[in-house]
Each structure stands twice: as C-alpha cells, then as structure tokens.
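Subject: Structure handover

Hello,

Here is the structure I promised to pass on. Please open it alongside this note.

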Amino acid sequence: MNLQSTDFELFGLPERFEQDRGAIDARWKELQREAHPDRFSAQGHAAQRVAMQWSVRINEAYKRLGDPLQRAAYLCELRGAPIEAENNTAMPADFLVEQMEWREQLDEARSAQDLEALEGVLDRSRQDILKRIASLLDDTGDARAAARQVRALMFIERFAHDVEQRVDQLGQ
C-alpha cells in the first residue's frame, strides 16, 4: 500500500458504493492510530513528516468514503466516468422536469409548512437517487448512468441549501 492507493485499498474495503459506515469508522480509527506522528517521534523528523502525510491521506479517504455523494463521484471517476459537473450538466431527462417543478414550489412557498413539504419531497428523491446509484455502480456496473444520477444528487444538495435559506428567511 502506498499514498496513491485507492481509498478502498487504503481502508481494505471492497470497491463498491454500498458500505458499512461502522466498518469505515473503525478502520479510520485503526489507520489513524497506526499513522499517528507521535508514534514516530523517536525516528526523527523525516519519519514524522511521512506519518503526517499518511494521516492527511487517511483523513481525505475517510471523508470521501463516509459521504455517499463523494463516494459515488469517486467510484464513477475510478470507473472512467468522471462527474465534471462544471463542464457536464447531463442528468436524467425526467429529473429536469422535477427540477423545474421544485423551483416553482420554492418560488410559491409562503409558509414553513410549504417548505417542509418541499424538504420531504427532496428527501425522498435523494433516497431514490442513492438507491439507483447503488444499483448502477454495484449491480449493473454502469458508471456513466451513475454519473448522471450523481449530478442530479448534487443538484438536490444545492437546492436543499436554497430551501434552508428560505426557511431561515421565514424565521426572521
């Protein structure tokens, strides 16, 4: 294992979307304990510097593996379908219609109940997309289709932030 190993290799996990969060957390603690720079203090600054690099790399992998959106995007990239959200906005066609409807709902929302209803719709859509991503990456191996779903999920996360801001505005 080296610093260029994939996150999955580093954590000793199968390269798939569905993961056991408890296993990720447990492995992170174990790896951090092994790589802690204080363990290498007797070996000099160079060894401590290498340990620090490992610690940063372990934290980077932990963050990516622990977040379903980041994990999905990472898997798509590993499988040759990078997300490239800044250049590629391809999403499932039916999702584009949903986006427009949600924007209209947000524009027309006048109460906390209206916004709570919209948040509920977003949560259900988020869960549906995560299930599709899991199926596309783990069962059918279609990383390109999964990348379109990841872009849709990215939109949901940004839009959910817009809804939160609107909730805050109503509370003031």
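This is a predicted model: local features need pLDDT of at least 70, side-chain atom pairs count only at pLDDT 80 or more; totals for chains, interfaces and linings use all residues.

Fold. The protein has seven helices and zero strands. Read from the N terminus, the order is α-α-α-α-α-α-α.

Shape. The radius of gyration is 20 Å, whereas a compact globule of 172 residues would come near 16 Å. Along the principal axes, the C-alpha atoms fill a box of roughly 65 × 45 × 30 Å.

Take the contacts in the protein with a separation of 6 or more: 69% of them join residues 24 or more positions apart. Of the 172 residues, 39% are buried.

Surface and charge. The accessible surface is about 10200 Å². Carbon and sulfur atoms account for 48% of that surface. There are 23 positive and 32 negative charges in the protein. Their mean positions lie 5 Å apart.

Helix α4. This helix covers residues 68-78. Which of its residues are buried? They are Leu-69, Arg-71, Ala-72, Tyr-74, Leu-75 and Cys-76. Note that an arginine, Arg-71, is on that list.

Best regards

How values were computed: Residues are numbered from 1 along each chain as its sequence is written. Side-chain values use heavy atoms; hydrogens and water are left out. Helices (H or I, at least four residues) and strands (E, at least two) are DSSP runs, numbered from the N terminus. The radius of gyration is taken over C-alpha atoms; the globule rule is 2.2 Å times the number of residues to the power 0.38. Buried means under 20% relative accessible area, exposed over 50%, partly exposed in between (1.4 Å probe, protein chains only). Contact means heavy atoms within 4.5 Å. Accessible areas come from the Shrake-Rupley method with a 1.4 Å probe; for residues, only the protein chains shown count as cover. Lys and Arg count as positive and Asp and Glu as negative; His and the chain ends are not counted. The place of a charge is taken as NZ of Lys, CZ of Arg, CG of Asp or CD of Glu.
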